[in-house]
Amino acid sequence: MQALKIAYLSICSGDKQNAVCTASELPSATLLSKHYNLKYDLTKDLHKEPYLAFEKDFLRFMLSDGAGAVWLENKISELGVSLKIEWIEINSYADKLPTCMYMGAELLENGELKGWKEYTGEEIIKKHIFTVKQDVRTLSIQGMPVCVEHIASSIYKHKLNVEEIDYFLPHLSSMFFYNKLNNALQK
C-alpha cells in the first residue's frame, strides 16, 4: 500500500504521468508444518500451552502468498473501466503500541523483542525463533481501538459523511474479528 501511495503521489504531483506498482510476498515457505513439528513435540499437550495454537498455528492458516500489480496514470483509460484514487491513508502505531507480529525474535515478558542473533543455534531451534508469531493478547486488547481510531481520523481528515459510504472493506485475518470490529465501530 505504501508503494501504491508513492506511485499515486508521484502522479498527483506531476512528477510522473504514469506508474506501475507491484507487490508480492511468499510467506508459505516459512509456514510449512516441518518448521513447527519440534515445537509440537515439546508441547505434547496443548492444554498446558493453549496459546501455541493461536500464536503460531493460527497464522499458518491465515497468511497466504500473494501478488498484484496496478497501472496508474493521470488520465481516464481509453480501454475500459477507470478507477479513481481519492486518497490513501496509512498510519503506523509502532511508536505507541508493542510489537504484535514478529519473526526471527522472541517476545520477552517485559514486552521487548530479543533478536535471533542473541540466541545460540540450539536456542533458535528450541524456542522456534524463526516461526512467525503473533501476540494475540496485544491484538485482542489494542487491535480494535487502534483500527477504529484510524478510521475515525480518516473520516475527520477527509470530511467524509458516513451515510454516503456504501462499502467498507476492512482487513480481517479471520471472521473471529468481524463482530469485535463491528461492535467497536458501532460504539
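In this predicted model, Glu89 is partly exposed, with a relative accessible area of 21%. That value sits just outside the buried class, because buried means under 20% relative accessible area. The side chain of Glu89 meets that of Lys157 in a salt bridge, at 3.1 Å from N to O. Glu89 lies in the loop between β2 and β3 (101–102), whereas Lys157 belongs to helix α5 (residues 136–157). The pair therefore ties together parts that are 68 residues apart in sequence.

A search of the whole structure finds two salt bridges. Lys133 is buried, with a relative accessible area of 3%.

The overall layout comes next. The chain has six helices and six strands. Along the sequence, they follow the pattern α-β-α-α-β-β-β-β-α-β-α-α. The chain holds 187 residues, and buried residues make up 25% of them. Its accessible surface comes to about 13900 Å². Carbon and sulfur atoms account for 56% of that surface. Contacts between residues at least 6 apart in sequence were also examined. Of these contacts, 71% join residues at least 24 apart.

Helix α1 spans residues 2–12. Its buried residues are Leu4, Lys5, Ala7, Tyr8 and Ile11. Seen down the axis of α1, these residues fall within an arc of 165°, so they line one face of the helix. What covers them includes the strands β1 (18–25) and β2 (66–73). Just after α1, Gly14 takes a positive phi of about 90°.

In soluble globular proteins, nonpolar side chains tend to be buried together. The largest nonpolar core here has eight residues: Leu4, Ala7, Tyr8, Ile11, Ala19, Cys21, Leu72 and Ile88. Helix α1 gives the most to this core, with four residues. Both α1 and β1 supply at least two residues each. Ala7 shows how the parts meet. Leaving aside neighbours within four places in sequence, Ala7 is in contact with Ala19, Cys21 and Leu72. A second, separate core has six residues, among them Cys100, Leu139, Phe177 and Ala184.

Trp116 lies in the loop between β5 (113–115) and α4 (121–126). Phe130 lies in the loop between α4 and β6. The pair therefore ties together parts that are 14 residues apart in sequence. Trp116 counts as partly exposed, at 40% relative accessibility. Phe130 is partly exposed too, with a relative accessible area of 40%.

How values were computed: Residues numbered from 1 in each chain as written. Predicted model: local features only at pLDDT ≥ 70, side-chain atom pairs only at ≥ 80, totals over all residues. Heavy atoms only, no water. Buried < 20%, exposed > 50% of the residue type's maximum accessible area, 1.4 Å probe, protein only. Arc of directions from axis to C-beta. Contact = heavy atoms within 4.5 Å. Areas by Shrake-Rupley, 256 points an atom, 1.4 Å probe, with all protein chains shown as cover. Salt bridge = Lys/Arg side-chain N within 4 Å of Asp/Glu carboxyl O. Core = buried A, V, L, I, M, F, W, Y, C linked by side-chain atoms within 4.5 Å.
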